[in-house]
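Biologist: Could you walk me through the contacts made by charged and aromatic side chains in this model? I'd like a close look at which partners pair up and how buried they are.

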Amino acid sequence: MKRSEINTIIRDAEKFFEENRFFLPKWADWTWEEWQRADKNEIHEILEKELGWDVTDFGLNQFHQKGLFLFTIRNGSTEETGYEKPYCEKIMIMEDQQVCLFHFHWDKVEDIINRGGGKLKLQFYQATENDEFDRESPITVYVDGIRTVLKAGSILSLDPGESVTLPQRLYHSFWGEGKVLVGEVSKINDDHTDNRFYESIPRFPQIEEDEPIYHPLIGDYRCIR
């Protein structure tokens, strides 16, 4: 992805957050220069737990068709930061018909929440022992605490305010009908080791630096740690 495209996506996300009255931490507005000047001891948790802006096209160069925008608001900490925090929260934006590709998590259990906008669509398959789609076994999920059994490959539709709990090793893909503000509440998140994509695709994009950084992505933190 070009940095100019990423910058545009972030600016568009800021406008959508404002329209939906969703507020981010104050450091979300920091410029690249402010990040570089910040006391690294004070922002250690942000850097190490990769809180902040995250944009990916999964290496396919088709962000508006197959991509995902995320902002990690908080993420789990252990004794290394002096206290326990066994949870994570993200906010995401799905464009109309933009698809987050099939994947499951080895460890993470998560709630996916439609926070506003259009309808959020999700499709599910159980994973077989060989990590293929189980096209026969039914799916059991909890929709706002209500046990819901679906056929393999079924599509679940969530209206604003609705949510679904996804267990480990459940393949899921999701997209918006209309632009959707999507929340995630989960166990500790590790996007480097805990994602199993059905297709062999990278989680993070390669970036072509064609203009200055507007707000850094979490992958840019390696330059200031």
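Modeller: Here is a tour of the salt bridges first, then the aromatic rings.

A word on ground rules: this is a predicted model, so local features need pLDDT of at least 70 and side-chain atom pairs count only at pLDDT 80 or more, while totals for chains, interfaces and linings use all residues. Residues are numbered from 1 along each chain as its sequence is written, and side-chain values use heavy atoms, with hydrogens and water left out.

The structure has 14 salt bridges, a salt bridge being a side-chain nitrogen of Lys or Arg within 4 Å of a carboxyl oxygen of Asp or Glu. One of them joins K90 to D191, with the closest N and O atoms 3.0 Å apart. K90 lies in strand β3 (residues 88-94) and D191 in the loop between β11 (170-186) and β12 (195-197), so this pair ties together parts that are 101 residues apart in sequence. Those element names come from DSSP runs numbered from the N terminus: helices are H or I with at least four residues, strands are E with at least two. K90 is buried at 2% relative accessibility, and D191 is buried too, at 10%. For these labels, buried means under 20% relative accessible area, exposed over 50%, and partly exposed in between, using a 1.4 Å probe and protein chains only.

Next, D107 and K187 meet in a salt bridge at 3.2 Å, N to O. D107 lies in the loop between β4 (99-105) and β5 (110-127), and K187 in the loop between β11 and β12, so the pair ties together parts 80 residues apart in sequence. D107 is partly exposed at 39%, and K187 is partly exposed at 32%.

Then there's E177 with K121, whose closest N and O atoms are 3.8 Å apart. E177 is partly exposed at 37%, whereas K121 counts as buried at 16%.

Now the rings. The structure holds 17 aromatic pairs; rings of Phe, Tyr and Trp (its six-membered ring) pair if their centres lie within 6.5 Å, and planes under 30 degrees apart count as stacked, over 60 as edge-to-face and the rest as tilted. W27 and F71 make a stacked pair, 5.5 Å centre to centre with 25° between the planes. W27 lies in the loop between α1 (3-19) and α2 (32-37) and F71 in strand β2 (residues 68-74), so the pair ties together parts 44 residues apart in sequence. W27 is buried at 13%, and F71 is buried at 0%. Both rings belong to one aromatic cluster formed by F17, F22, W27, W30, W35, W53, F69, F71 and Y221.

Y125 and F133 are stacked as well, because their ring centres are 4.4 Å apart and their planes lie at 15°. Y125 is buried at 11%, and F133 is buried at 12%.

Finally, charges and rings meet too. The charged end of R11 sits over the ring of Y214, 4.0 Å from its centre, and that of K179 sits over the ring of F16 at 4.8 Å. This label needs NZ of Lys or CZ of Arg within 6 Å of the ring centre and within 35 degrees of the ring normal.
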